[in-house]
Amino acid sequence: MAGIGFEFRKLFSKSDSTLGDLKAIAYSTLVSVGPWLITTISLNFLMIISREYIFIRDERVLFMSTVLYCFIFSQLLATPWQYVVTRYMSDCIYQKRSNELRKTYIGVIKIIIIMAFIMGSLFLRNSPLPYYYKKMAVILFTLLSASWIGMCFVNVLKNYRFVAFSYFAGNLLAMVLGFYLIKNPIDFPENFLATNLIFAYTMGILLTFLLLSYYLLSAFKEREGTEFGFLKYLKGYSSLFFMGLFYILGIWVHLFIVWTKGEHYIIAETFTASPFYEVALFYAFFITIPSMVYFVVFLETKFFPDYKTYYAHISYKGTLEDIDKSLATMMDVLKREMFYCMEMQFFISISLALLSKLIFENFGLDLYLLDLFRISLFSAFCAVFISMIITIFLYFDARIQALMVSFVFFITDLLFSLYFVKLGNEYTGVGFFLSSFITLLFANILLDKLFKNISYTTFYRQNFKSVIRSPFLDMLDRYLSRKAYLPVIVILLLSGFLNGCSRYDERGFNQITRHNWHTMSTYGLDGYDIQGYNSDGADRRGFTSLGWNLFTDSPYNYYGFDFFGTHSVTGTSFDEEGFDVFGYSSETDSVYNKDGFTREGIHKDTGMEFNKDGWNRYGVNKDTGEYYDHSGYNIYGYNIEGYDRENKDAQGFDREGWNRDGLFKYTGTTVDYRGFEKDGYNPATKSKYDERGFDFKGIHNKTGTKYDLLGFDTEGIHKDTKTEFDVNGWTWYGLNSETRDYYDVNGYNKEGYDKSGYDDRGLDSDGYNRSGWSRKGIFKGTGTRYDYYGFDVRGINKETGSRYDKYGWNSRGTSKKTGTKYDSLGFDRNGLHQTTGKNYSKDGWKNDATHIVTGTLYDPKGYDIYGYDKDGYDRRGYNSSGIDRNGFDREGRYVGE
């Protein structure tokens with residue numbers, strides 16, 4: 001059985017009280033997320049007190065970055081080994097070989113410590129951090145890596161009080177020692193505050209590790225077996241190793257991509273940090289603690305008994321009915337509890353996502369963190385349940401399925417994160433969410449498929465016995481057991497020491513120990529160390545290794561440049577005047593700008609702040625003390641209006657806005673705002689006047705003045721009102737001052753016509769009324785005394801001499817027969833039917849009584865518009881007199897044919 005298992009059933013069964021359950025949950029919390037809680041409590045306490053006593057933010061950031069790297073990379077190192085060692089321990093316990101666990105623990109701890117020490121040393125080898133700080137960071141990394149492995153062996157411990165005591169003791173030591181060292185720090189030459197913090201935290205982790213190791217070694221007293229026998233499991237159970245590796249890479253690879261390609265910062269030229277994303281991830285995973293704890297509890301108290309029952313029926317000749325029944329019970333418990341666990345965690349996550357804005361505002365957290373936190377909540381939700389399903393797979397020895405899930409998790413996280421990081425910072429975290437969500441769905445599918453054939457698979461596997469043989473690993477076990485690795489370690493350590501005694505450079509510094517031959521300290525004769533920093537941690541520019549300038553107490557020097565030479569205002573390597581961090585001008589590639597001044601304002605010819613003409617670098621005149629001399633011109637020869645002595649501005653335009661090429665300054669073309677060229681010609685009108693009749697100088701061609709016939713000048717200003725409106729409230733283009741429309745409050749425009757084009761007398765501009773008649777009786781549409789229908793202004797038809805035409809329509813289009821606009825057939829004067837609006841009725845008849853289909857007086861059935869056929873009979877067989885073809889009337893009486 002793989003995974004972390006504890007006998008919580010005893011704790012839950014001892015008492016049915018709530019206190020007993022809380023006690024069991026507390027223990028499960030301690031064991032399942034103990035190291036995480038230690039890190040959280042210790043670091044938060046240390047950071048809180050450090051804010052009160054450490055005013056250099058760089059020191060706190062360095063400390064946090066170091067711990068974060070140790071935490072993450074220790075997981076990457078230890079997790080693959082955890083799964084292999086757990087399997088080996090489980091097999092030892094099952095095969096009654098518990099006496100080998102002591103040496104197994106010692107052996108795996110040796111490998112982890114050696115690997116962690118080498119990896120940490122290589123990573124920090126070229127770091128500019130002090131030697132002692134790097135060594136403490138390596139030790140912390142090594143202890144954390146060993147602590148992860150130690151958690152595997154807690155399986156067989158029953159003394160939970162001692163486990164709790166170990167965690168509490170290490171936690172307490174880190175906090176107490178950290179508090180003491182912050183108030184009374186050890187005087188390290190560099191980064192002394194961060195070094196004191198890392199020292200305190202390392203001591204706390206060391207105490208916890210030593211206490212747990214002491215108890216483990218006391219519990220496992222037998223010394224049988226070999227220390228490195230578990231290495232052979234790297235062959236037989238290599239899937240466990242890679243499963244752990246891929247899963248832990250899936251957890252962190254998105255952060256590595258943000259560190260390299262997203263928004264990040266370089267800390268002390270050693271660590272890379274993305275503070276907002278890291279904090280969001282921490283809070284998101286911290287919130288999943290309830291589901292982790294509940295999973296461990298239900299796994300041991302509810303699932304495991306049914307699990308044992310199921311395999312007991314298989315192993316001890318249970319009937320098929322017993323096996324199927326126990327499998328159904330186990331499946332029901334697993335699905336129910338997993339669903340409840342997911343439901344509980346989803347409720348917690350969605351609640352915090354909805355309340356997060358209020359929480360962030362209440363605690364003054366950066367709102368940029370809000371979106372990262374929300375998406376990280378659900379990323380962590382999926383990632384944690386992926387781990388749970390992997391654990392379920394391992395309960396049934398479904399290692400291939402577990403490996404597939406972890407590999408899909410890693411590869412999708414890698415690809416999605418690489419894709420979304422290119423889209424910008426607003427997409428940070430999206431790749432991790434999609435990866436974890438898709439992998440969770442994939443894991444559920446594999447889990448369902450596993451349980452469909454679990455009984456068959458289990459019986460089938462009983463036919464085989466797994467024998468792990470690896471000559472190479474056996475040889476490696478024997479080699480390591482003879483302590484043959486110790487000379488290698490001694491050689492490595494001695495090589496590092498001897499390299500430290502190598503030759504000194506021309507300044508007297510040893511490249512390894514970084515001590516100076518002349519002063520016998522880490523500082524040279526000039527007071528600076530091998531990296532160029534003095535005892536205050538500042539280089540010759542005043543910058544610390546973390547990029548803080550001690551002279552200005554900011555990230556920038558007096559000239560606005562940061563540690564890397566980027567200017568705070570321009571965001572480039574040059575300031576506003578073109579000087580770089582070393583004082584070189586981008587214009588001249590020398591220490592002088594184009595006017596001959598240095599960055600400090602000294603002129604190269606006079607050696608003073610003023611040049612030979614009496615101007616300084618800021619353009620202030622020596623005689624006037626202002627930006628203009630006695631003649632009114634500045635250092636570049638322009639007056640206050642921006643024109644030189646030839647009345648040209650800096651772009652070569654005169655006061656009227658024209659340059660020598662005939663371009664107008666304000667339009668960028670060869671014409672000005674009014675459409676005139678430089679010589680006064682207007683291309684639009686092909687004359688010297690514009691559309692309104694004004695020439696280039698603004699003189700009207702009809703009035704000979706600067707006003708047109710309406711009293712407006714070329715700018716649209718009226719001569720009497722001195723505004724854009726005349727005395728009647730109209731602009732030259734007809735806009736009314738009251739309505740801000742082209743019509744006044746009465747609905748008339750400037751010329752006196754309404755929107756329909758008629759004046760207050762009802763006449764249009766041509767003298768016609770709304771009906772189209774002039775005062776002389778002429779119709780506008782025809783230009784004669786008759787309208788389109790032959791009626792004159794009095795309504796008399798020219799053909800009939802009466803008020804109705806030959807069809808019975810009057811001048812207003814009213815039918816004489818019906819007294820309406822439609823005749824007896826429903827057509828108007830224009831032949832349009834009242835129901836269809838077209839020249840035929842809904843039955844297809846036109847106004848001339850012909851049918852639209854047949855084109856005759858009869859429809860396709862042979863009836864006319866009135867409903868009679870060619871013989872005069874309607875559809876019921878009666879004529880207009882009501883007599884049918886046989887001589888009978890409608891009442892059936894015979895009246896003759």
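In this predicted model, Tyr 132, Tyr 133, Met 136, Ile 139, Leu 140, Leu 143, Leu 144, Ala 146, Ser 147 and Gly 150 of helix α5 meet Ala 194, Thr 195, Ile 198, Phe 199, Tyr 201, Thr 202, Ile 205, Leu 206, Phe 209 and Leu 216 of helix α7. Sorted by class, the residues in this contact between α5 and α7 comprise 16 nonpolar and four polar ones, with no charged residues. The protein as a whole contains 18 helices and two strands, and 46% of its 897 residues are buried. Of the contacts between residues at least 6 apart in sequence, 44% join residues that are at least 24 apart.

**Packing around helix α5**

- Helix α5, which covers residues 131-152, packs against helix α7, residues 192-219, at an angle of about 30°, and the axes of the two helices are 9 Å apart.
- Because angles under 35 degrees count as roughly parallel, α5 and α7 are roughly parallel to each other, and α5 passes α7 in a left-handed crossing.
- Helix α3, made up of residues 57-94, also packs with α5 at an angle of about 30°, in this case with axes 7 Å apart, which makes α3 roughly parallel to α5.
- The crossing of α3 and α5 is right-handed, and the contact between these helices has 18 nonpolar residues, six polar residues and no charged ones.

- An α-helix has 3.6 residues a turn, so residues three or four places apart point the same way.

- Ser 376 has its place in helix α13, which spans residues 368-395, and it counts as buried because its relative accessibility is 2%, where the limit for a buried residue is under 20%.
- Apart from neighbours within four places in sequence, Ser 376 is in contact with Tyr 277, Ala 280, Leu 281 and Ala 284.

**Positive phi at two residues other than glycine**

- Ala 268 is not a glycine, yet it has a positive phi of about 55°; this residue is in the loop between β1 (265-267) and β2 (271-273).
- With a relative accessible area of 1%, Ala 268 is buried.
- Asp 553, in the segment after α18, likewise has a positive phi, with a value near 55°.
- Asp 553 is exposed, since its relative accessible area is 56% and the class of exposed residues begins over 50%.

**Tyr 788 in the segment after α18**

- Tyr 788 is found in the segment after α18, the helix of residues 485-500, and with a relative accessible area of 60% Tyr 788 is exposed.
- Leaving aside neighbours within four places in sequence, Tyr 788 is in contact with Phe 779, Gly 781 and Thr 782.
- Between Tyr 788 and Ser 811 there is a separation of 23 residues in sequence, and their C-alpha atoms are 9.7 Å apart in space.

Methods:
Residues numbered from 1 in each chain as written. Predicted model: local features only at pLDDT ≥ 70, side-chain atom pairs only at ≥ 80, totals over all residues. Heavy atoms only, no water. Helix = DSSP H or I, 4+ residues; strand = E, 2+ residues; numbered from the N terminus. Buried < 20%, exposed > 50% of the residue type's maximum accessible area, 1.4 Å probe, protein only. Contact = heavy atoms within 4.5 Å. Axes fitted to C-alpha atoms, helices over the stretch in contact; angles between N-to-C directions. Parallel < 35°, antiparallel > 145°, perpendicular 65-115°, else oblique. Left-handed = near helix turned anticlockwise from the far one by under 90°. Nonpolar A, V, L, I, M, F, W, Y, C, P; charged D, E, K, R; others polar.
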